[in-house]
Amino acid sequence: DLHSFPTRRSSDLDSLEHLLMNGLYDDEDLERFAARNIPMVPTLTIWWNLSREDPLSLPYINRLLKESIANEIFEPQVFDYLRRESTHRWSQKNQEIYSYKMARESEAYYPENFKKIHKAGIKIGAGTDCGVPLCFFCHQRLELELMVKWGMTPGEALTSVTAVNAEILGLQDKIGFIEQGKQADRLLIKGDPTQSIKDIYKLEKIYQAGRPIEPLEVPGMEW
């Protein structure tokens with residue numbers, strides 16, 4: 001809500017999730033918030049997936065599931081459950097709260113508010129709100145694409161999803177940085193995502209806890 005942005009209270013916040021959807025942030029409020037060094041996680045993906053098409057459209061849900069490689073990760077019966085549950089949840093209790101109409105109405109605010117918090121120097125983490133309808137596994141890469149689309153450099157987006165996220169979780173002493181003594185999963189990418197964020201889809205190898213696993217093919221998003 002526009003009037004509940006915590007610039008002058010709640011000093012013990014670890015982070016603030018989601019962006020304002022019903023108005024634009026005040027620049028002076030953002031400056032005060034930035035001075036408190038509290039990170040924000042904008043969750044651009046859920047808004048993007050809601051605003052592109054009618055969320056009750058089964059072909060659209062099927063395409064989102066394919067883009068998220070849920071059909072590659074889960075057994076067929078689990079994949080079918082995800083598809084049915086997404087349709088059911090949007091058509092029932094969540095339709096009024098998270099609706100296509102609401103997402104369209106916020107179109108004037110969401111991208112602009114992301115640009116505002118970035119310009120204000122607020123530390124930004126990367127998260128998708130995965131678990132709600134229309135926001136599926138592996139949409140984290142879409143989150144990074146949207147961050148770059150709306151003003152971040154590719155390097156800043158990659159830092160958000162690694163170092164900043166580790167700091168938000170209080171795990172910066174263990175993960176988030178490539179340093180001796182820290183834990184890390186590693187991706188080998190055919191390209192340079194610090195120059196083109198879409199290169200994050202060009203996976204060659206994944207090392208999880210030091211062991212190689214085969215990457216799955218994931219299509220990039222169409223703008």
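Tutor: Start with the side chain of Asn 113, which reaches the backbone nitrogen of Tyr 25 at 3.0 Å. That is a polar contact (N or O atoms within 3.5 Å, one able to donate a hydrogen and the other to accept it; residues adjacent in sequence count only if both atoms are side-chain atoms). The model is predicted, so local features need pLDDT of at least 70 and side-chain atom pairs pLDDT 80 or more, while totals for chains, interfaces and linings use all residues. Residues are numbered from 1 along each chain as its sequence is written, and side-chain values use heavy atoms, without hydrogens or water.

Asn 113 sits in helix α7, residues 110-119 (a DSSP run of H or I, at least four residues, numbered from the N terminus). Its relative accessibility is 0%, so Asn 113 counts as buried (under 20% relative accessible area, 1.4 Å probe, protein chains only). Leave aside neighbours within four places in sequence. Asn 113 then touches Leu 19, Leu 20, Gly 23, Leu 24 and Tyr 25 (contact: heavy atoms within 4.5 Å).

Now the rings. The whole structure holds 3 aromatic pairs (ring centres of Phe, Tyr or the six-membered ring of Trp within 6.5 Å; planes under 30 degrees apart are stacked, over 60 edge-to-face, the rest tilted). Trp 48 and Trp 150 have ring centres 6.2 Å apart and planes at 65 degrees, so they are edge-to-face. Trp 48 lies in helix α2 (residues 44-52), and Trp 150 in the loop between α8 (140-149) and α9 (154-168), 102 residues apart. Both are buried. Trp 47, Trp 48, Tyr 110 and Trp 150 form one aromatic cluster.

Key. Helices (H or I, at least four residues) and strands (E, at least two) are DSSP runs, numbered from the N terminus. Buried means under 20% relative accessible area, exposed over 50%, partly exposed in between (1.4 Å probe, protein chains only).
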